[in-house]
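Please read the following report alongside the sequence and the coordinates shown below.

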Amino acid sequence: MIANVLLSVIVLLINKMVDGVLGSDGVYMVAVCMQLLLITFVVLNGVLDAMFAIGGALLGEHDIVGLKMLNRRVMIFACSVLVPFTVFVVVAPGVMATLFGADDSELRGQLCRVLRIFSMILLPFSLTVLLQGMYQVLGHLVLSTVVAVGQVTSIVAVVFVFTQVAPPEMLWWGFPLSSAVILVALMVVTWRMARKSEASAFTLIPAPDTTHDYSATVEHEQKEVVTTEISAFLQNADCPSEAVAKALQFVGDVLGKNTGAADVCVHIGKASVDIVVKDAEKLDTVKNAKVKQAFGLNVRAQKVACRCFFEN
């Protein structure tokens, strides 16, 4: 919300700066460039909605492996969409110029040059937005807010500097430069934060807590191996034998009905052991009414009340 509000204010400031240097033609070219940015927001907003929903669920399940998979797939998807789009704008800016009504040949030539330069902001700007989304999922609200504010305000700051010290036709380089500066600064800050907390570099996804969390993807033939691992995991935490038996019975019952792969997450909390099993089996929704379905998966959860070693 903060980033979107600031972005609207910043567009007005940029228009005023560009109008003072390049006149109405410059304001027109800024408007076309902003349309490119809005096209990327169509992709980003959809990806962020999915990231918040799925990432929040995974974080609640203490599924760190799942969070890493989510981040990797988000980045791959964004790059697979935005890189071809950026290349298209660089190679064929005339198509975009035509779509936005650049009929005058001289203005069209200037706009094509501007679009080639401005398109370089799209990927670093988008990667920063997606990283900010992951920080928000993980609860780094101060960092997320600083990135949201810094990303948009840096554009104004850098473009303003270009209007003061560079030739007018060079000010367009301020857009990709500002985005690159913020992305590099973000990489440095999060790298230092990750070193102190043993989190993943740049994404700040925490390292799996093997003392309190167990996570595995289970093939059908691996059921006995996984139940043995879960039993050892709970016994190492001095969980009561009754709680261990209930947990193993739940996991065994669910995996016993599976013909494919399933994800198993076990978390030892302050007063309970929380178990979540997810699979993609086709189920009769009437006969299996207790099975929740989310994001194309069947989700079964069980909470076993007990106090383990760190509460003793």
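Which residues do ring pairs link into a cluster? Phe-118, Trp-172 and Phe-175 are linked in this way. The model is a predicted one, in which local features need pLDDT of at least 70 and side-chain atom pairs count only at pLDDT 80 or more, while totals for chains, interfaces and linings use all residues. Residues are numbered from 1 along each chain as its sequence is written, and side-chain values use heavy atoms, with hydrogens and water left out.

**Aromatic pairs**

A pair of aromatic rings is described by the distance of the centres and the angle of the planes. Rings of Phe, Tyr and Trp (its six-membered ring) pair if their centres lie within 6.5 Å, and planes under 30 degrees apart count as stacked, over 60 as edge-to-face and the rest as tilted. By this rule there are four aromatic pairs. Among them, the pair of Trp-172 and Phe-175 is stacked, because the ring centres are 6.0 Å apart and the planes lie at 20°. Trp-172 is buried at 2% relative accessibility, and Phe-175 is buried as well, with a relative accessible area of 1%; here buried means under 20% relative accessible area, exposed over 50%, and partly exposed in between (1.4 Å probe, protein chains only).

Tyr-214 and Phe-233 form a tilted pair, with 6.1 Å from centre to centre and 40° between the planes. This pair links distant parts of the chain, since Tyr-214 belongs to strand β1 (residues 213-218) and Phe-233 to helix α8 (residues 223-236), 19 residues apart. Both Tyr-214 and Phe-233 are buried. The helices (H or I, at least four residues) and strands (E, at least two) named here are DSSP runs, numbered from the N terminus.

**Strand pairing**

Two strands are taken to pair if DSSP finds at least two bridges between them. Strands β2 and β3 run antiparallel and are joined by seven bridges, and a hairpin connects β2 to β3 through three residues. Within this pairing, Ile-268 stands opposite Val-273 in β3. Strand β3 also pairs with strand β5 (residues 297-305), again in the antiparallel sense, over eight bridges, and there the bridge partner of Asp-274 is Lys-303 in β5. Seven of the eight residues of β3 (residues 272-279) are buried, so this strand is largely enclosed by the rest of the structure.

**Selected residues in loops and in a helix**

The table gives the relative accessible area of some of the residues discussed next.

| Residue | Class | Relative accessible area |
|---|---|---|
| Ser-179 | buried | 3% |
| Glu-61 | buried | 16% |
| His-62 | partly exposed | 32% |
| Glu-198 | exposed | 63% |
| Thr-259 | exposed | 64% |

Glu-61 lies in the loop between α1 and α2; leaving aside neighbours within four places in sequence, Glu-61 is in contact (heavy atoms within 4.5 Å) with Cys-265, Val-276, Lys-278 and Val-299. His-62 is found in the loop between α1 (2-60) and α2 (64-91), and has a positive phi of about 60° although it is not a glycine. Glu-198, which is not a glycine either, likewise has a positive phi of about 60°, and is placed in the loop between α7 (174-197) and β1.

Ser-179 lies in helix α7 and touches Ile-121, Pro-124 and Phe-125, not counting residues up to four places away in sequence. Thr-259 sits in the loop between α9 (241-256) and β2 (262-268), where, with the exclusion of residues up to four places away in sequence, Thr-259 touches His-220 and Glu-281. The C-alpha atoms of Thr-259 and Gln-151, 108 residues apart along the chain, are separated by 48 Å.

**Enclosed space**

How many cavities of 30 Å³ or more does the structure hold? The structure holds one. On a 1 Å grid over the protein atoms alone, a cavity is a set of points where a 1.4 Å probe fits but cannot get out, and lining residues have an atom within 4 Å of a point. Grid points are joined across faces, edges and corners, and a volume is the space filled by probe spheres set on the points. The largest cavity holds about 30 Å³ of space, and its lining is made up of Val-218, Glu-219, His-220, Lys-223, Leu-255, Asn-258, Gly-260 and Ala-262.

Note on methods. 1 Å grid on protein atoms, 1.4 Å probe; cavity = no way out; pocket = protein on both sides within 12 Å on 5 of 7 lines; lining within 4 Å.
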